[in-house]
Every structure is written in C-alpha cells, then in structure tokens.
Amino acid sequence: MTDPTVRTLGSELTILDVVQETADAVSIVFDTQIPYTPGQFLTLRVPSERTEFVARCYSLASSPVTDIHPKVTVKRTRDGYASNWLCDNVKPGSVLRVLPPSGTFGPASFEHDLVLFAGGSGVTPVISILKSALESSDSRVAVFYANRDRESIIFDAELTGLQERYRGRIVVEHWLESERGIPTDDDLRQFATAYTNRHAYICGPGPFMAAVESALQDLGVGHVHVERFASLTGDPFTLAPAAAPSGRASTVSVELDGEQHSLTWPAESTLIDVLLNAGIDAPYSCREGECGSCACTLKSGTVEPGDGTALTENDLDDGYILACQATPTSEHLEVEF
Ligand SMILES: Cc1cc2nc3c(=O)[nH]c(=O)nc-3n(C[C@H](O)[C@H](O)[C@H](O)COP(=O)(O)OP(=O)(O)OC[C@H]3O[C@@H](n4cnc5c(N)ncnc54)[C@H](O)[C@@H]3O)c2cc1C
C-alpha cells in the first residue's frame, strides 16, 4: 500500500510525438516547454510490473536555442529493461513522470571553439551542444561521431543539414566501424590534433570514451568534459518525510539562486532531503551520489561526505560535497549551490 506521507517528485509530462530515428532508437518529444541548458538530461520514471517503476536518465537531444519542445532519444540496450520498454510502449498522448533537467556536462557559455566526440547514443547531449553553439555564437565545432554502420547513425540527416547551414564553422567526421573498425587512440589523435586548443566534450560507450580521453591527454588538451551513461539503481522520485531529529541536529545556512535559507539539519538526514522537504527547489537527480547534480560547496562546518562517486579528488579538495550524500558533523554549517 502507498504510504501517504511519502511524496512523489517530478511532474507528469505528455508525449507530443515519437520519432523512429533508427531501427533501435526513438526520440520522445514532450508537449511542454521547460528551461534547460545544452548537455542536460531528464530522469524518466518507467513503469515496471516487477518493481512498479525504475528511474533512468536520458540526455536532452533537443536544443533550448533551436527547438521549442524538449526531446530525449532512447536507444535499445540489449537485454535492458527501460530502454526497450520506452521504445515499445510510448506513443503520442502517453504520460511519463519526469524529474527537472539536471547535469553540468555542457559548456556554461559558447565563447570557445569546441571539439565533440560521440559514440552511438552518446550523440544525444552532443547534438544539443552542437546546435546550441552554432546557433547562438560564432564558435567553430568539430564532431567525431562513431557508429557501428551507416544505418545506426542517429540524426544523420540533421547533421548533414547543419553542415550545409553552418558551412565553414562545422566539421563532422563519421567513423563507421563496419568500414574502419573500432577507432584506435592513434585514429582519435589524428582527428583531434587540429583542435588541441578547443574545449572537448565526450559521450559514448566506456571503451570509446577511454580511448578519446587517452588521445586528448597525449595531445595535452586542457579542457575535457565527459558524460557517462549508466542506469540508476535507486528511486530518486520518492521523498520520505523529514525524519524528526532523534538526537543531534545542526543548523545550516544554504545559499541557492541568490537566496539564503536557514534550516535545521538532523544528523541522520541528507541535505537534499532536508531541502526538498522544506519545499526548496534544490538541484538533484539520481540521489545516489552518482550524477553530481546536487554538488555544492561547503563554506563552513564539517560533514560526513557519504559514498558518492560523482566528485573527483580535485572537487573534494575544492570543498565540493554532494547534497544527496552528506550528513552534518558540526553544529553550524554554511553551504552554497
Ligand atoms: C546522464 C545520463 C544520460 C543518459 N542519456 C541517454 C540517452 O540520451 N540515450 C540513451 O539511450 N541512454 C542514455 N542513458 C543511459 C540510460 O539511462 C540507461 O542506462 C539505458 O537506457 C539502459 O537502461 P535499461 O534499463 O534499458 O538497461 P539496463 O539498466 O541494463 O536494464 C537491466 C536492469 O533492469 C532491471 N530489470 C530488468 N527487468 C526489469 C523489470 N521488469 N522491472 C524492473 N527492473 C528490471 C535489471 O535488474 C537490471 O538492473 C543515459 C544515462 C545517464 C546517466
């Protein structure tokens, strides 16, 4: 039975259109307009007869600059659950529960030229960044896009259209494994060598991303951003009511979107649960420490940081914590988002 004190997060969005992009990928267009930045993703709640729901993230393949409606593109994962359910079941008029856009993969501004690397469905955040950069700035963009074969290229026609429209500012190299095998470090170095001063963005299967990262490291490329696709295992849609402080509780002052909030932070609660239960619109997505959406800076006080994997050693040294993992260990704390 559903616990009436448990809140369900996110909102129900109606699907406007479903587009078959390739034999195993569909785009889902939502009948809404929402603010987001290029490279961000939505988290979808996918029904299941076995577990009631599973949560999965899908990057927005639409651009907030060029497209009216937000769109995600889902590629079937072999033996996967949610991707196949979405490809088989969603239709115009279907309704899905969705968390707000999240993620920090894309550029904060388009003042730099870009070099983008996509493998398979990893093209989704990449095409959003590409379209946004071309339309809203004068920056130049080079794209390396690896696929199994010509039939599996998602957005093939759209990329051709962009090449015609923004001639001189865009280079697209299609790499087809059926013709040239899997791209090696050397192949990737050869492509990237003309773009070492650009900011790099990489999204694709693990081995592809590792090869690109290694090639860019060899070339001394300074600004490299990666987006890793993985399935969530928890349920970020469910928010249990705030635990009444059973013992020690701290006070925390939180700065978010220019506003200050003063809150009680029970020792056993995570900061994100405290904020969401207080009705504060804090950024979050997986609530498992994996996506980094709720990263914030600890300005004063101390926390038990928890088990998250989203932050690098450098992030931790810079004072970042994950609001979905951290619990307080000092009496007073100050946090800034
Ligand atoms: C930031 C981010 C962005 C992403 N963007 C994209 C994107 O743009 N496009 C894209 O295609 N993918 C994207 N992904 C990957 C996507 O979130 C999923 O990981 C992917 O679709 C595979 O999910 P799946 O459920 O099909 O496969 P799996 O996760 O491999 O499915 C197997 C899992 O489902 C469970 N399961 C099996 N049957 C059931 C059942 N009946 N009920 C409940 N559970 C079951 C199994 O126990 C197992 O844990 C992104 C991931 C991240 C983190």
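**View 1. Where helices α5 and α6 meet.** In this close-up, D185, L188, R189 and A192 of α5 come into contact with F208, A211, V212, S214, A215, L216 and D218 of α6. A quick reminder before the geometry: two packed helices are described by the angle between their axes and the distance between the axes. Here, α5 (residues 185–192) packs on α6 (residues 206–218) at an angle of about 55°, and their axes are 9 Å apart. That angle makes α5 oblique to α6. The crossing of α5 past α6 is right-handed. Please keep in mind, here and in the views below, that this is a predicted model.

View 2

**View 3. Strands β4 and β7 side by side.** Here we zoom in on one pair from the sheet. Four bridges join β4 (residues 41–48) to β7 (residues 95–102), and the pairing is antiparallel. To find your bearings, look for R45: its bridge partner in β7 is R97.

View 4. S27 sits in strand β3. With a relative accessible area of 0%, S27 counts as buried, because the cut-off for that word is under 20%. Setting aside neighbours within four places in sequence, S27 is in contact with D17, V18, V19, E21, K71, V72, T73 and F155. S27 and K71 are 44 residues apart in sequence, yet their C-alpha atoms are 6.5 Å apart in space.

**View 5. D24 in the loop between β2 and β3.** Our last stop is D24, found in the loop that lies between β2 (11–22) and β3 (25–30). Not counting residues up to four places away in sequence, D24 touches V74, K75, R76, C87 and R148.

How values were computed:
Residues are numbered from 1 along each chain as its sequence is written. This is a predicted model: local features need pLDDT of at least 70, side-chain atom pairs count only at pLDDT 80 or more; totals for chains, interfaces and linings use all residues. Side-chain values use heavy atoms; hydrogens and water are left out. Two strands pair if DSSP finds at least two bridges between them. Contact means heavy atoms within 4.5 Å. Axes are lines fitted to C-alpha atoms, for helices over the stretch in contact, and angles run from 0 to 180 degrees between N-to-C directions. Angles under 35 degrees count as roughly parallel, over 145 as roughly antiparallel, 65 to 115 as roughly perpendicular and the rest as oblique. A crossing is left-handed if the near helix is turned anticlockwise from the far one by less than a right angle, and right-handed if clockwise. Buried means under 20% relative accessible area, exposed over 50%, partly exposed in between (1.4 Å probe, protein chains only).
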